[in-house]
Amino acid sequence: MQPYDVIIIGAGPAGLTSALYSARSKLNTLYLENLGVGGQVAATDEIENYPGFSRGINGFDLSLQMEEQAQRFGAKPLLAKVLSLELADPYRIVKTTKGDFISKIIIIASGAAPKSLNCPGELAFRAHGVSYCATCDGPFYEDANIIVVGGGNSAVEEACYLTKFANKVSLVHRRDALRATKIIQERALTNSKLEFIWNTVIQEIRGETTVNKVILKNLQTDQFIEMPTDGIFIYVGNEPNTLFVKDLIELTQEGYIETDEFMRTSIPGIYAVGDVRHKLLRQVVTAVSDGAIAAYHGEKYIEEYFPEKRN
Amino acid sequence: MLEGIIEITKENFNQEVLRSNLPVLVDFWGPRCIPCKRLMPIFEELAADYAGRVKFCKINTAENRSLTQQFNVMSIPTLHFYKAGTIRDTVRGLVSREELEERLKIILD
């Protein structure tokens with residue numbers, strides 16, 4: 001089998017930018033995606049802070065543009081789930097549900113996925129009143145009373161979005177203040193359909209065929225309160241998709257991939273970019289920056305370790 | 001709409017889904033639902049690979065409220081796997097091609 005120069009795992013903004021830079025450098029580039037293009041940004045209805053789009057842009061549309069741009073320079077897509085990575089020096093091997101692929105370098109851009117609450121009832125009522133996607137399921141909650149869990153940007157933005165449909169939205173947060181950025185907080189705090197329940201967690205989700213109430217626990221008083229609701233939307237952060245490399249690459253305690261400023265992991269020839277890596281700020285603008293740096297450094301790596309073999 | 005994938009409304013639901021000779025996979029989706037859009041290339045790939053063995057159908061929940069309510073769909077994407085007019089399995093949320101193929105085995109047996 002002809003080895004690829006670069007294999008990229010994940011087609012969110014970080015992975016697609018690596019694909020664009022690699023392909024544009026005439027490297028033979030394959031990018032793998034398990035669930036269709038986009039990554040987490042695709043779930044964002046409107047991105048307001050990606051420079052160059054002064055009126056905002058839909059996350060999925062932005063991803064499609066990035067994919068088209070990468071493909072324009074010859075990056076090849078494949079829908080497959082990555083099972084594991086292996087070393088066969090000097091090459092790197094990606095084992096997938098569609099077979100094994102050999103490459104000179106690998107760039108991991110597998111991103112992160114929403115965390116669960118892990119409370120009783122969450123799994124049982126999933127898709128029957130428990131949701132993780134407001135833009136998907138919001139229209140099913142016309143005139144309903146809804147709970148949103150979380151205090152970060154996603155929770156607060158989606159709570160605001162849900163007030164378009166719902167009668168009332170109650171934001172349940174375990175602290176006494178929001179973590180969301182100021183502009184998002186201001187919108188939420190002045191929204192008359194939105195109420196805030198501070199210092200509180202979800203103890204249990206209950207219902208019959210669908211959710212009809214939750215048991216809340218106040219963390220300051222340790223009191224339990226029963227609250228009727230028609231649905232609950234959960235936005236309590238993310239966890240990295242790194243299970244397939246946990247025995248190969250150095251991870252942080254939370255499971256993020258450790259990298260240096262060139263996006264190198266603990267294994268030479270394997271890079272990590274975007275939300276999957278340990279970093280300060282997880283945004284589209286930092287993801288694309290990671291993607292470009294890894295592709296650039298990867299090209300130098302290939303020139304050094306595969307001097308005569310460049311395709 | 002890709003060739004081979006049938007758009008379902010309440011007018012053709014009985015004919016295309018309940019009375020189908022082939023097993024049927026029905027995808028409830030919505031125009032604002034991004035996971036639904038991400039599922040589409042996987043759905044299309046399967047529709048091509050299983051052509052003649054499974055019928056692939058889509059229901060736009062935004063335009064078919066009564067069908068959506070009739071099946072109590074509260075979260076999309078939701079996929080119903082039909083054999084001989086009855087639902088044999090359900091998948092909710094964005095899943096991989098491999099998981100869908102596992103479920104397809106149930107209605108192909």
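Modeller: Here is the setting, then the helix pair.

This is a predicted model, where local features need pLDDT of at least 70, side-chain atom pairs count only at pLDDT 80 or more, and totals for chains, interfaces and linings use all residues. Residues are numbered from 1 along each chain as its sequence is written, chains are lettered from A and ligands numbered from 1 in the order in which they are written, and side-chain values use heavy atoms, without hydrogens and water.

Chain A has 6 helices and 17 strands (DSSP runs numbered from the N terminus: helices are H or I, at least four residues; strands are E, at least two). Buried residues account for 53% of its 311 residues (buried means under 20% relative accessible area, with a 1.4 Å probe and protein chains only).

Now the pair. Two packed helices are described by the angle between their axes and the distance between the axes. Helix 1 of chain A covers residues 13-24, and helix 2 of chain A covers residues 59-72. Their axes lie 8 Å apart, at an angle of about 20° (axes are lines fitted to C-alpha atoms over the stretch in contact; angles run from 0 to 180 degrees between N-to-C directions). The two helices are therefore roughly parallel (angles under 35 degrees).

Which residues make the contact? Helix 1 of chain A brings A:Pro13, A:Leu16, A:Ala19, A:Leu20 and A:Ala23. Helix 2 of chain A brings A:Ser63, A:Met66, A:Glu67, A:Gln69 and A:Ala70. Contact means heavy atoms within 4.5 Å. These residues divide into 7 nonpolar, 2 polar and 1 charged (Ala, Val, Leu, Ile, Met, Phe, Trp, Tyr, Cys and Pro count as nonpolar; Asp, Glu, Lys and Arg as charged; the others, Gly among them, as polar).

Key: Angles under 35 degrees count as roughly parallel, over 145 as roughly antiparallel, 65 to 115 as roughly perpendicular and the rest as oblique. Buried means under 20% relative accessible area, exposed over 50%, partly exposed in between (1.4 Å probe, protein chains only).
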